[in-house]
Amino acid sequence: MNPTIRTESLRKRFGRTVAVDGISLTVPEGSIYALVGANGAGKTTLIKLLMNILRPNEGSAQVLGMESATLGGKAFNRIGYVSENQELPEGMTVCAMLDYLRGFYPTWDTALERQLVRQFDLPLKRKLKHLSRGMKMKAAFASSLAYRPSLIILDEPFSGLDPLVRDELIEGLIELAPETTILLSSHDLSEIESFSSHVGYLQNGRLLFSEEMTTLGNRFRDVTVTLNEPAPLPAKLPAAWLEAQTMDCVFRFVHSDFKEGSTQRELAERFPSARDFSFEPMTLRQIFLAIAKTGRGAALHSSKQDSASKGAAQEKKA
Amino acid sequence: MNQALHIFLKDARRFWVEIAVQLAITFGFASIGASLWTQAADSHAQLLAALAPPLAFLVLVGWWLLITRVIQAERLVGDTQFWITRPYVWSSLMSAKGLFLLAFICLPFFIAQAILLAVAGFAPQHYIPGLLFNLLLYTAVLILPLTALATVTSSFARMTLTLLGILLVFIAFLIAITTMIVANGDFSSIAGGTAGPICFAIAVADCLTAIVLQYALRRVWLARGVLALLPVLLAAVTYGAGKYDQAQVDKLYPAAQDDAPIQFTYAPWTKGSETLRFSASSHARIPIEFQLAETGVAEGYAILPDVVRAEVTAADGSRWDSGWQGEFEGLKLLPGENHLNTRVNMPIADYWKFQSRPLTVHLTLGISQAQAGRTTAVPLPNGKFAVAEFGACSPTTAWTPQPGQISALHCIAPLRQPQLTYVTTRWADGPCSTGPVGPDAGVGGHAWVGSLDRAPSELNIAPVTELHLDISNAIAYEEKGKQRSRSLCPGTPIVFTQFNRVGRMQTSLDIQGFYLPKVIEANGRISVTE
C-alpha cells in the first residue's frame, strides 16, 4: 500500500539555521499521525514543505503520490489544511466563506457542511474577524472537512484553545478519520495521545523516531531493579537504557526496547543478586521526556517507522 | 462555475463599496469635465475648473486603492494566506483579478472618456481606436505597474511605502535623464525618438513578467528583482536609443540636392549684449548661438528645423563636433520669415580650448518640409464652432478693450493635438461696430498649433486636449509703454491651414571667422554674453 506522505532526506535552511535536517518520514494511508516536538523543533516548517508553501533546499517529498514541489491548484481538492497561523478571509461571514469555498470543491458535501456547522455551533451570519480564536478554528475546520479530503494536515490546531473547543474539534476530526489520513503537529502530548495511531518526534529539525503508538507504548518501560546491597552505576550500559540512575539499593532506568520475557531474562542475568524487578508502562509524555532529557535519539535503534501498517492504525482508531 | 468568474464575483461582492466610490469619482470627474466644456466662463465654471484637477487626481488614487485591495485580497507575499492551500488555479486567479480591473477600472474609464468626448461635441464612435490607445497607455503607465507592485507587497502600508520609494527613484531617474540630455543633446524631435516606444514595451513586458512570476510561482524576490531591474533597463535603453538616434539622423535626413527647399546664410543681425548666467560645474555646457538668414521657402510650404550639428575647426586644426542637437523650440519658417536663431551646447572644457580664436564652423541643419493641405475658413461666430479635422473652438470674451468683446479663441481637440495647423485672422484695431475685419484691414494675427508627429492619443485623463492658440499681435503696444488689447470681430474669417510633412533633409553652410561668445566664470557662476 502506498503511503500518503513520504519524505526523503528533506532539508530546509533559513540562512544559517537548519529548520528541517534530512527528515525521512512515512505517513501510512489511513493513519492519524502526530508530529510532536518542542516549539522550534521544525514541525511547522516540515508541514509547510509538504504543502509546497516552502520549498526544500534538499531532498524530496511525495504527498498523495505527487511531488510536494508541484503541489498546487486542483491537488488541494483532496487536501484539507488548517494551521494556527493561517489567515482566514476575515471580511467574510462564515456563511459567505462556506458558500465561496463550495464552488471550489467538486466533492463538497453540503450535508456534512450543515452537520459540522451544527456540531461546532458556528454563527453563520457573523464575520470571521468578529469571531473568537476558537470559533475561527472551528470555521477553518468546517471549511477543510466538508469536502471529505483524503488527507488532512493540521498544524498546531489545538494550540491555545480551551478544552471544550479542543474536544469538539477532535470529535469532528475522528468522525472523518475512517476515510482519511490525518497528519497533525502538536507540542502538547496529552492532546494527541488519545487518538493518534502513529507518532513522530522532532527535535532540532531531526526526526528522532517515527512509529506506531502501540509499539511505542509496548517497547518503553520504566524499570526498577531492587538490589540486595548498594551498588554503583554499571560502567557500560546498553544503548536502549535511558536515564539510568542508582540510589542506595535501587537502580532505575527507562528501557526503550522492552520485550516481554527476554528483557526479564536479560536483567536477571545482569543483576543475579537483585531482590525484585518492576516494569511499569509509561505514558507518551513520560516517554518523550525520557528521550528529550537523554538526548540520545540515535540510540533509539528500534525505530519502527517503516513497519507501521494501516491495520494497526485502524485497530487504534477502533 | 468557471473558477475565474467565481473569484471575480467574490471580489465584486466583497469590494462593492470601493467599486461604488471609484465609479462615483470617475463619473463625477466626467460630469465636471463635461460642464467645463459646455458652460460659459463664469464664476461657476471657475469653481468647476478648480475642482477638476483634484478629482482627476482622486481618480488615480482610487485606482491605486482598488488595485491594491483586490490584488492583495489573495496576497501573493507570505506563507500564511488562506488561499494558497486551497484549489486555486493560478491562471484562474490571475484572470479573475484581470477581469476585475477590466470591469471596474478600464471599462468605467473608457465609458467616462466616451461620454466626455460626446459632451465636448465629438462623436465617440469615430474615436474608438484613440480611446482604446489611451486606455492602453493608462494600463501600461499606471494600472500594470500598480498591479505589479501590489503582487510583490504584502499590505497596503508596504505598497504605499514602496510607491514613495519608487517616486524617489523616479525623480533620480528623471534627473539622470535630464543630465544625459544636457550631456548628449535632446533627440526627442528626431522622429519622436526611439527610446519612448522601446521603454514603453520594456516597462509593459517587465511588469507582466513580474505579475505572471508571482501568480505562477510566488517567487517574491525573483519578481521584485525583475521589477527592480526596470529602472536600470530604462536608463540603459534611453542612453542606447540616444546614441542610436544620433546615428540614425543621417539616414532620416538625407543631404539636400541642389534644389533644396531652403537656403541658409550666416547673418548676425544683433550685437550681443544678452547675458546668460548659470551654475558653474565641470559638466556645464556653453550655448553657442548662430544667427541665420533663410531664403527659398516656396509658397504653400513651411520649413521646420529639427536638429542642428556644428563642426568647429580652429586654425591649428583642432576640431570639435557637437553631434546632433535639437534646439529650435518648435520653430516654423514660412515664406518671408527670414531670420532664425539656432544654437548648440558646447562642454565648457572644449569651450576653453576654442575661446577667443577665429573659427571655421560647418553648420548642418536637419529640416522637415511641410506642405499646406486642407484649408478651412470660418467666419468667426459668437458661439462654439467646429473645424473639420481640427477640433472645436469658441470665442473667449474679456473685459478689455470693451466688456463682451472677443479677445481670444479657445480650442479643443479630441484625444490629441491636431495635425500641424497654421491659424490666421485679422485683429480689429478699434471697436467691432463696423462689422467683420476685411483681409486688408486691421492687424494680421497668426498662430501655430498641433504637430507633424502624432500618436493616436495622448496620455491624458480627459480625452479632450485644450489647445493654446496664441495668436500673434493680440496686444497693441503704444507710446510710453502702454498696451492695448485688440479684439476679434464676429464674422472675421479665421483660416485654419493644415500642414503635412513631405520630406526630411539636411542642408549646411560654412561660417568663417566665427568667435565663441564671451564667458566669465566667477564665484561658482558662469556668465555667457552672446
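**Figure 1. Domains of chain A.** In this predicted model, chain A is divided into domain 1 (5-216 + 302-317) and domain 2 (221-281), with bounds that come from an automatic or database domain assignment. The centres of domain 1 of chain A and domain 2 of chain A, taken over C-alpha atoms, are separated by 39 Å. Residues are numbered from 1 along each chain as its sequence is written, and chains are lettered from A and ligands numbered from 1 in the order in which they are written. As the model is predicted, local features need pLDDT of at least 70 and side-chain atom pairs count only at pLDDT 80 or more, while totals for chains, interfaces and linings use all residues.

**Figure 2. Packing of helices H4 and H5 of chain A.** Helix H4 (residues 133-145) of chain A packs against helix H5 (residues 163-176) of chain A at an angle of about 5°, and their axes are 10 Å apart. That makes H4(A) roughly parallel to H5(A), a term for angles under 35 degrees. Axes are lines fitted to C-alpha atoms, for helices over the stretch in contact, and angles run from 0 to 180 degrees between N-to-C directions. Helices are DSSP runs (H or I, at least four residues), numbered from the N terminus. From H4(A), Gly134(A), Met137(A), Lys138(A), Phe141(A) and Leu145(A) meet Val165(A), Leu169(A), Gly172(A) and Leu176(A) of H5(A). By class, this contact has six nonpolar, two polar and one charged residues. Ala, Val, Leu, Ile, Met, Phe, Trp, Tyr, Cys and Pro count as nonpolar, Asp, Glu, Lys and Arg as charged, and the others, Gly among them, as polar.

**Figure 3. Contact between chains A and B.** Here 19 residues of chain A are in contact with 15 residues of chain B; contact requires C-beta atoms, placed from the backbone, to lie within 7 Å. The chain A side has ten nonpolar, six polar and three charged residues.

**Figure 4. Domains 1 and 3 of chain B.** The assignment for chain B gives domain 1 (3-250), domain 2 (263-372 + 504-529) and domain 3 (381-491). Between domain 1 of chain B and domain 3 of chain B, the C-alpha centres lie 36 Å apart. In domain 1 of chain B, 21 residues are in contact with 14 residues of domain 3 of chain B. The largest share of the domain 1 side, seven residues, comes from H5(B). That side has 15 nonpolar, six polar and no charged residues.

**Figure 5. Helix H5 of chain B.** Helix H5 (residues 128-152) of chain B bends by about 45° at Thr139(B).

Conventions: Helices (H or I, at least four residues) and strands (E, at least two) are DSSP runs, numbered from the N terminus. Angles under 35 degrees count as roughly parallel, over 145 as roughly antiparallel, 65 to 115 as roughly perpendicular and the rest as oblique. Two residues are in contact if their C-beta atoms, placed from the backbone, lie within 7 Å. The expected span of a helix is 1.5 Å times one less than its number of residues. The bend at a residue is the angle between axes fitted to the seven residues ending there and the seven starting there.
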